[in-house]
Amino acid sequence: MTEKSIIVIPARFASSRFPGKPLKLISGKMMIQRVWEIACQALTAEQVYIATDSIEIQQAAESFGAKVVMTSVDCRNGSERVWEALQVLGFQPEIIVNFQGDAVLTPPWIIKDLLLAMENQPEFGCATPKVRIDNQAYEEFQKMRLAGSSSGTFVVSDAKDRALYFSNAIIPYFRKNNPHKYADRHLGIYAYRFDTLKKYLSLTESSLEAIEQLEQLRMLENGIEILTVAVDLKGRTMASVDSPEDLLTAERLIASEGDLI
């Protein structure tokens, strides 16, 4: 990978849904440390930064050797925090990976695949991973939707893997009762080129973004192409950590599937 690539991990202490989440322990290790160690398997520790507005997170991160960039409390989302961190650092990396601070179950090879795709296809300013789900998983997501859960984002792409649309709905929709249903689940990691991230954050919220509450739709509505990168989870289970109950789920998955770090 090019030395001009970096990973920025945005981490916020004052989460409305789960305050102090980055410092919670998962199988004996802080969440933010687990995420940092995963990132350090994709690039070197010198290329990984934690961006936060919290002194508590700063102190914790520095205790295990991470590089920390302090950002303001005014950042509305992870992308804005990543951008502010770049301004503080004062240099322009060729590729910036936005790797969320709760991504404790993300295999490091996913990040490597994303970086490689960006290097091999310089015409794209942004890339994000996707994974194909089979009929069984498709049916399970349908049941979750009927039960009121909106967990999981899906993407449809063209023949050249350019994203056509992202949705909280399961897309494509199968009109007929096809026994071989499939869909591409979007994994929320983004690799940007510097100028693309700058342009994206200069744009106002788009109409579809407001409806679906998916930031990436702002790019599509404004003509920014997104490369979707097909990845292999190799039997791993990816899940978000949004509540104390999710910590227990993460611990069970680490125990059953093995630790990533």
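A search of the whole structure finds 1 cavity of 30 Å³ or more. The model is predicted: local features need pLDDT of at least 70, side-chain atom pairs count only at pLDDT 80 or more, and totals for chains, interfaces and linings use all residues. Numbering starts from 1 along each chain as its sequence is written, and side-chain values use heavy atoms, without hydrogens and water.

**Exercise 1.** State the volume of the largest cavity and sort its lining.

*Solution.* 
- Step 1: a cavity is a set of points on a 1 Å grid over the protein atoms alone where a 1.4 Å probe fits but cannot get out, and lining residues have an atom within 4 Å of a point.
- Step 2: the volume is about 40 Å³.
- Step 3: the lining consists of Arg 34, Ile 38, Val 104, Arg 236, Ile 254, Asp 259, Leu 260 and Ile 261.
- Step 4: this lining has 5 nonpolar, no polar and 3 charged residues.

**Exercise 2.** Describe the largest nonpolar core.

*Solution.* 
- Step 1: such a core joins buried Ala, Val, Leu, Ile, Met, Phe, Trp, Tyr and Cys residues through side-chain atoms within 4.5 Å; buried means under 20% relative accessible area (1.4 Å probe, protein chains only).
- Step 2: among its 50 residues, Ile 7, Ile 9, Ile 50, Phe 64, Val 97, Phe 99 and Val 104 touch the most other members.
- Step 3: helix α1 (residues 31–42) gives the largest share, 7 residues.
- Step 4: apart from this core lies another, of 24 residues, including Tyr 200 and Leu 217.

**Exercise 3.** List the buried residues of helix α2.

*Solution.* 
- Step 1: helices are DSSP runs (H or I, at least four residues).
- Step 2: in α2 (residues 55–63), Ile 57, Gln 58, Ala 60 and Ala 61 are buried.
- Step 3: just after α2, Gly 65 has a positive phi of about 95 degrees.

How values were computed
Helix = DSSP H or I, 4+ residues; strand = E, 2+ residues; numbered from the N terminus. 1 Å grid on protein atoms, 1.4 Å probe; cavity = no way out; pocket = protein on both sides within 12 Å on 5 of 7 lines; lining within 4 Å. Points joined across faces, edges and corners; volume = space filled by probe spheres on them. Nonpolar A, V, L, I, M, F, W, Y, C, P; charged D, E, K, R; others polar.
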